[in-house]
Amino acid sequence: MKKTLENFGIGIDIVEIERFRKKNYKKNKNFYKKIFSKSEIDYCLKFKDTYPHFAGKFGVKESVIKSIPDKIPFLDIKTSNSKHGPIVNLAGSLAKKYSFLVSVSHEKEYAIAVVVAEIMSS
């Protein structure tokens, strides 16, 4: 497939960390389970301050949604982390259709995520 700008999408999202801090995890587990997988929740909970990580992962998911033309639910967007940074994989029929570059940053009150999506096949 010839690489053109039409083969790419970009999404960006900024999240106020306080929005998640106000939704205490222990009191709102069902809310979190509608957005994040068990492995994503486990990852965030291993930090002393979990909420910047929840906000960052939420920003990644929103950025993915903005970067592709297909409709996709939050739970079909799988985020993970490696020593090289965040990783995104999709579940279901879209799993092999897209490849992603992801960046996340946290700064005091905000988390921001940027995703570049490449369409792998039509």
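This is a predicted model: local features need pLDDT of at least 70, side-chain atom pairs count only at pLDDT 80 or more; totals for chains, interfaces and linings use all residues.
The description begins with an open sheet of 3 strands, arranged in the order β1-β5-β4 with antiparallel pairing. The edge strands are β1 and β4, the latter spanning residues 98-107, and each of these pairs on one side only. Averaged over the sheet, and with direction ignored, neighbouring strands are turned by 10 degrees against each other. Within this arrangement, β4 and β5 run antiparallel and are joined by 10 bridges. H106, for example, has A111 of β5 as its bridge partner. Helix α4, formed by residues 51-67, packs on the sheet and touches β1, β4 and β5. The direction of helix α4 makes about 150 degrees with that of β1.

The surface of the model also carries a nonpolar patch, formed by I12, I14, Y110 and I112, whose accessible area together is about 360 Å². Strands β1 (8-16) and β5 (110-119) are the elements that give two or more residues to this patch. I12 lies in strand β1. The relative accessible area of I12 is 48%, and I12 is therefore classed as partly exposed, since that class lies between the limits of 20% for buried and 50% for exposed. As a general point, side chains in a regular strand alternate between the two faces of the sheet.

A further pairing involves strand β2, residues 77-82, and strand β3, residues 85-90, which pair in the antiparallel sense over 6 bridges.

Definitions and conventions
Residues are numbered from 1 along each chain as its sequence is written. Side-chain values use heavy atoms; hydrogens and water are left out. Two strands pair if DSSP finds at least two bridges between them. Helices (H or I, at least four residues) and strands (E, at least two) are DSSP runs, numbered from the N terminus. Patches are made of residues with over 30% relative accessible area and no salt bridge: like charges are joined within 9 Å, nonpolar side chains (Val, Leu, Ile, Met, Phe, Trp, Tyr) within 5 Å. Accessible areas come from the Shrake-Rupley method with a 1.4 Å probe; for residues, only the protein chains shown count as cover. A salt bridge is a side-chain nitrogen of Lys or Arg within 4 Å of a carboxyl oxygen of Asp or Glu. Buried means under 20% relative accessible area, exposed over 50%, partly exposed in between (1.4 Å probe, protein chains only). Axes are lines fitted to C-alpha atoms, for helices over the stretch in contact, and angles run from 0 to 180 degrees between N-to-C directions. Contact means heavy atoms within 4.5 Å.
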